[in-house]
Amino acid sequence: MGCYVIVGKNQHRLNMSNYIVKMGYQFNQECVGKKFFKLTGSFEYAAGQKYEVGYHYQKIITDIHGRHQMGGITFIDEEYLPYWVKNDWPINNLVYIVGIPSDAIVIVTESLYVTDKIMLIIELSVTDVLASIDERVYLNNLMRDPGIIKIIPYRSKTIEFYRKACLVNPKVILHMPKNRLTNELCKIAIFRDATLLCLLPDEFLTDKLISELVCVDGKFLQYIPYPKITSSIYKIAVRDNGQALAFVPECFKTHDICYYAVKNDGLAIVYV
């Protein structure tokens, strides 16, 4: 069972087969210390009232089984803020710190909340909020969507942060500007996901990098773009790992390459 909610101008499907309904006082007791935000735009209204600092109400419509159908006001927690900002900004360029009245109804789903009553406490800029988010939150979001790297504040993206980002989701390198990409980050990402090898910019896919990779694991041979592959690369691979012969095309299986492969690992004879 699912329904659509509006966050800004975009529709987002909620999985309503797995949700919890709580009263505001219960929600607040269980969420002490957590930060909640309303992401919105200057065009968005609740029950005809423009969003601004203060109290807002919008009735929640449910079906005969008590499941959410429409209405209510959406808000999010810090854990999912980067995800929603990435998908809705700059359409939604206003952020409010929110509080939930004790008599409110709150529908809790995996990535956002819906309530009938909300207090917008302080208006903030998206930039300021993103700058205050903890590194751990960004890394958790990058696991879900590597494109979030684009909205993370520049000063937060140190070389150490990029290393961690490539470890949690190697596809991050596909969304990085070339001037921040390094050979080290390419290696980290490729060792986590070999399929990225054929997507690297040419200036990073050097003979040295290819040689280092195939010496470690012959599987990388199957992902090297054709213009970069040579008989010498195959020879380097099988010298250090005879089993790499399994990834050498028949047209490249020369006497020398087969000899070095079997010399390194006698079991490679099955690929000759």
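**View 1. Tyr55 in strand β7 of the predicted model.** In this predicted model, Tyr55 is found in strand β7.

**View 2. The open sheet of 8 strands.** The strands of this open sheet follow the order β3-β12-β13-β10-β4-β11-β14-β7, and their pairing is antiparallel. β3 (20–23) and β7 stand at the edges, where each has a single partner strand, so one side of each is left without a neighbour in the sheet. From one strand to the next, the twist averages 40 degrees. Strands of a sheet pair through backbone hydrogen bonds, in either a parallel or an antiparallel way.

View 3. Strand β10 (residues 73–77) is mostly covered, with 5 of its 5 residues buried. The pairing of β10 with β4 is antiparallel and runs over 2 bridges, and here Phe37 stands opposite Ile76 of β10. Strand β13 (residues 113–115) also runs antiparallel to β10, to which it is joined by 3 bridges, and the bridge partner of Ile73 in β13 is Thr115.

**View 4. The pairing of strands β4 and β11.** Over 4 bridges, strand β4 (residues 36–40) pairs with strand β11 (residues 94–99) in the antiparallel sense. For Leu39, the bridge partner in β11 is Val95. In the strand order of the open sheet, β4 is written between β10 and β11, and the pairing of β4 with β10 comprises 2 bridges.

View 5. Leu142 lies in helix α4 (residues 135–144). With a relative accessible area of 0%, Leu142 counts as buried, because that class takes in residues under 20%. When residues up to four places away in sequence are not counted, Leu142 touches Ile148, Ile149, Ile152, Phe161, Ala165, Val168, Asn169 and Val172. One of these contacts is with Ala165, which is 23 residues from Leu142 in sequence and 7.0 Å from Leu142 in space, C-alpha to C-alpha.

**View 6. The protein as the setting of the close-up views.** The protein has 9 helices and 14 strands, and of its 272 residues, 47% count as buried. Among the contacts in the protein with a separation of 6 or more, 59% are accounted for by residues 24 or more positions apart. The accessible surface of the protein comes to about 14,000 Å², of which carbon and sulfur atoms hold 54%.

Note on methods: Residues numbered from 1 in each chain as written. Predicted model: local features only at pLDDT ≥ 70, side-chain atom pairs only at ≥ 80, totals over all residues. Heavy atoms only, no water. Pairing = 2+ DSSP bridges. Axes fitted to C-alpha atoms, helices over the stretch in contact; angles between N-to-C directions. Buried < 20%, exposed > 50% of the residue type's maximum accessible area, 1.4 Å probe, protein only. Contact = heavy atoms within 4.5 Å. Areas by Shrake-Rupley, 256 points an atom, 1.4 Å probe, with all protein chains shown as cover.
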